[in-house]
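Open the structure in your viewer and keep the selection tool at hand. Each stop below says what to select and what is there.

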Amino acid sequence: MKRLLPLLLSCALLAGCGAGQASPSAGTDADTQYFFAMDTIMSITAYDGDTSAALVAAQQEVNRLEALWSRTRPESDVSRLNDHAGDGTAVPIQPETARLLETAAAAAQESGLAFDPVLAPVMDAWGFGLTESETTAVHRVPSQEELSALLPLTRDLPQVTAGEDGSYTAALPLTGQAADLGGIAKGASAAYVVDALTAHGVENAILSLGGNITALGHRPDGRPFQVLVTDPLASEDGYLCTIALEGGLTCSTSGGYERYFESDGVTYHHIIDPSTGYPAQSGLLSVTTVAADPALADAWSTALFVLGRDRALELWRSGEGTVAGMELILVTQGQQVYVTQGLEEGLQFHGEEAGYTYEIVRR
Ligand code: AMP
Ligand code: MG
């Protein structure tokens, strides 16, 4: 039964993620766990160690983190932080939440607030917020006045304070503010999943946590895992390219095609430009980052989607800062695909028939 279920579910998984895993696990002792968490389908395949216990522990970790970071659960750290926005309360939070808020703040500052972890009031105005499920979400186009009134509630980052006893508190300075960590939480979870797997002797595994693929170790045949990068224009499953991934690296994809709605013939997607409050229009269809830190891979795929091709490549070429240590795949609306040089080996490009051309970007 375990073998059949992954095959049945893999279509949904690949369609929803923006990137998927192309490596077969048949013929090995691999064990796969599929589950729904953080509003998406996740999968974890472990190739060695105590796979059954490891997968149970890994899923428990994701559930534990979701209970801390969810905006829809009233007792979560994030909900309590949001409930006390502007009232001066220092809300006790778990160390994992403190670490997440600090990583999010670092990405926000370094990206010039293209990544903004307190965009929730604006996300909610578009209906991309609390009711994230596509079946219940009420999407609408907010007026310019409404957005102008909400924008001052963004940008002021949560203040995290460490106590001498190792405890943490956080506070949001302004009334009406709210954190939304949807652009970083799934990636951040990967680090905890990897720890849970490793604790059960797993050295080789592939995790797919909603658009974020982490490759622990390598495939059973010793070669890197192969990860599929979605064609953002394909109406059904279509893949632009395959890249090689191993050694703990994470590949994270963000694209406007992942969540959107149409109104009066205009398409509005879920990645918001914090400087305008409108869906980002940077000329990109998707951004894929490959990085050692899964939380940063996730945050920066969102941030670079907002910043656009020129700024993304400028940051990558600069040789300094977080993006310079990543590899990137940028897909433009003109169907040009830019792949940074570190991904050249192991790249298989499939996009020609669909009208894409690609180039390798070098420093
Ligand atoms: P991702 O799929 O990782 O690109 O994250 C998209 C999610 O991040 C959205 O559904 C929002 O919850 C949130 N989000 C949208 N725009 C931004 C932004 N500019 N900065 C931070 N988070 C954002
Ligand atoms: Mg992201």
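Predicted model: local features only at pLDDT ≥ 70, side-chain atom pairs only at ≥ 80, totals over all residues.

**Stop 1: a sheet of three strands**

Select S4, S5 and S6. These three strands form an open sheet, in the order S4-S6-S5, with antiparallel pairing. Which strands stand at the edges? They are S4 (91-93) and S5 (159-162). Each has a single partner strand, so one side of each is left without a neighbour in the sheet. From one strand to the next, the twist averages 35°.

Now zoom in on S5 and S6 (residues 168-171). Four bridges join this antiparallel pair. Pick Gln159, and you will find Ala171 of S6 opposite.

**Stop 2: strand S11**

Select residues 250-255, which make up S11. Is this strand mostly covered or mostly open? It is mostly covered: six of its six residues are buried.

Show the side chains. In a regular strand, side chains alternate between the two faces of the sheet. Here Thr250, Ser252 and Ser254 point one way from S11. Cys251, Thr253 and Gly255 point the other way. All of these residues are buried.

Next, bring in the partners of S11. Strand S8 (residues 212-216) pairs with S11 in the antiparallel sense, over three bridges. Look for Ile213, whose bridge partner in S11 is Cys251. Strand S14 (residues 284-291) also pairs with S11 in the antiparallel sense, over six bridges. There, Gly255 stands opposite Ser286 of S14.

**Stop 3: Asp231**

Select Asp231. Find it in the loop between strand S9 (225-230) and strand S10 (239-245). Asp231 is buried, yet has no salt bridge. How far away is the nearest side chain of opposite charge? That side chain belongs to Arg309, 17 Å away.

What does the side chain of Asp231 meet instead? One polar contact, of 2.3 Å, joins it to the side chain of Tyr356. A polar atom of the Asp231 side chain also lies 2.8 Å from the backbone nitrogen of Leu233. Leaving aside neighbours within four places in sequence, the contacts of Asp231 are Gly238, Tyr239, Leu240, Ala354 and Tyr356.

**Stop 4: salt bridges**

How many salt bridges does a search of the whole structure find? It finds 11.

- Select Arg80 and Asp77. Their side chains meet in a salt bridge, 2.7 Å from N to O. Both lie in helix H3 (residues 77-83), three residues apart, about one turn of the helix. Arg80 is partly exposed, at 22% relative accessible area, whereas Asp77 is buried, at 4%.
- Select Asp221 and Arg219. The closest N and O atoms of this salt bridge are 2.7 Å apart. Asp221 is partly exposed, at 47%, while Arg219 counts as buried, at 10%.
- Select Arg362 and Glu344. Their salt bridge is 3.0 Å, N to O. This pair links distant parts of the chain, 18 residues apart. Arg362 is in the segment after strand S18 (357-361). Glu344 is in the loop between strand S16 (336-340) and strand S17 (348-349). Arg362 is partly exposed, at 44%, and Glu344 is partly exposed, at 36%.
- Finish with Glu61, Arg64 and Glu96. Salt bridges with shared partners join them into one network.

Note on methods. Residues numbered from 1 in each chain as written. Chains lettered and ligands numbered in written order. Heavy atoms only, no water. Helix = DSSP H or I, 4+ residues; strand = E, 2+ residues; numbered from the N terminus. Buried < 20%, exposed > 50% of the residue type's maximum accessible area, 1.4 Å probe, protein only. Lys, Arg positive; Asp, Glu negative; His and termini not counted. Salt bridge = Lys/Arg side-chain N within 4 Å of Asp/Glu carboxyl O. Polar contact = N/O pair within 3.5 Å; in protein donor to acceptor, adjacent residues only side chain to side chain. Contact = heavy atoms within 4.5 Å. Pairing = 2+ DSSP bridges. Axes fitted to C-alpha atoms, helices over the stretch in contact; angles between N-to-C directions.
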